[in-house]
Amino acid sequence: MSAGGSALHVTLEFRGGAELLVDKKKVYEVDLPSTQKWTLRKLIFWIKDNLLKERPELFIQGDTVRPGILVLVNDADWDLLGQGEYELRPNDTVLFISTLHGG
């Protein structure tokens, strides 16, 4: 999934059931076009448009992830990094973990 020219390489991981929304694949290596600054908010919409295979309402709510999905950037909670305003850096790893379980 690379773009022509320069790109921002990030690793996306989906766990705890979130992988079911992205074709049951747990890890994606992606190259985002570096023609713009990439925040986590922009990345969430990119995931919605490019990776989600079904039921986007289980991943996204408004302009952020749905409550019950933890977001970690390089093993740090995104709450500590400014949530959607965090600007992605080369080789960041962004992990989405669903804490919602049926029962």
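## Salt bridges and their network

A salt bridge is a side-chain nitrogen of Lys or Arg within 4 Å of a carboxyl oxygen of Asp or Glu. In this predicted model, local features need pLDDT of at least 70 and side-chain atom pairs count only at pLDDT 80 or more, while totals for chains, interfaces and linings use all residues. Residues are numbered from 1 along each chain as its sequence is written, and side-chain values use heavy atoms, with hydrogens and water left out.

The whole structure contains four salt bridges. Arg 41, Asp 63 and Glu 85 are linked in a network of such pairs. Asp 63 meets Arg 41 at 3.2 Å, N to O. This pair links distant parts of the chain, 22 residues apart: Asp 63 is in the loop between β3 (60-61) and β4 (64-65), and Arg 41 is in helix α1 (residues 40-50). Helices (H or I, at least four residues) and strands (E, at least two) are DSSP runs, numbered from the N terminus.

Glu 85 also meets Arg 41, at 2.1 Å, N to O. Glu 85 lies in the loop between β6 (76-77) and β7 (93-98) and Arg 41 in helix α1, so the pair ties together parts that are 44 residues apart in sequence.

## Accessibility of the paired residues

Relative accessible area sorts residues into buried (under 20%), exposed (over 50%) and partly exposed (in between), using a 1.4 Å probe and protein chains only.

Arg 55 is partly exposed, with a relative accessibility of 45%, and Glu 57 is partly exposed at 41%.

## A buried glutamate without a partner

Glu 19 lies in the loop between β1 (7-15) and β2 (27-33). Glu 19 is buried but forms no salt bridge, and the nearest side chain of opposite charge, Lys 26, is 4.4 Å away.

Beyond its neighbours within four places in sequence, Glu 19 is in contact (heavy atoms within 4.5 Å) with Phe 14, Lys 24, Lys 25 and Lys 26.

## Positive phi angles

Asp 23 is not a glycine, yet has a positive phi of about 65 degrees. Asp 23 lies in the loop between β1 and β2 and is exposed, with a relative accessible area of 55%.

Asp 75, likewise a residue other than glycine, has a positive phi near 70 degrees. Asp 75 is in the loop between β5 (69-73) and β6 and is exposed at 73%.

## The largest pocket

The largest pocket holds about 210 Å³ of space. A pocket is an open set of points on a 1 Å grid over the protein atoms alone, with protein on both sides within 12 Å along at least five of seven lines, and lining residues have an atom within 4 Å of a point. Its volume is the space filled by probe spheres set on the points.

The lining includes Gly 17, Ala 18, Lys 24, Glu 54, Arg 55 and Ser 98. By class, the lining has six nonpolar, two polar and three charged residues. Ala, Val, Leu, Ile, Met, Phe, Trp, Tyr, Cys and Pro count as nonpolar, Asp, Glu, Lys and Arg as charged, and the others, Gly among them, as polar.

Technical notes:
On a 1 Å grid over the protein atoms alone, a cavity is a set of points where a 1.4 Å probe fits but cannot get out, and a pocket is an open set with protein on both sides within 12 Å along at least five of seven lines; lining residues have an atom within 4 Å of a point. Lys and Arg count as positive and Asp and Glu as negative; His and the chain ends are not counted.
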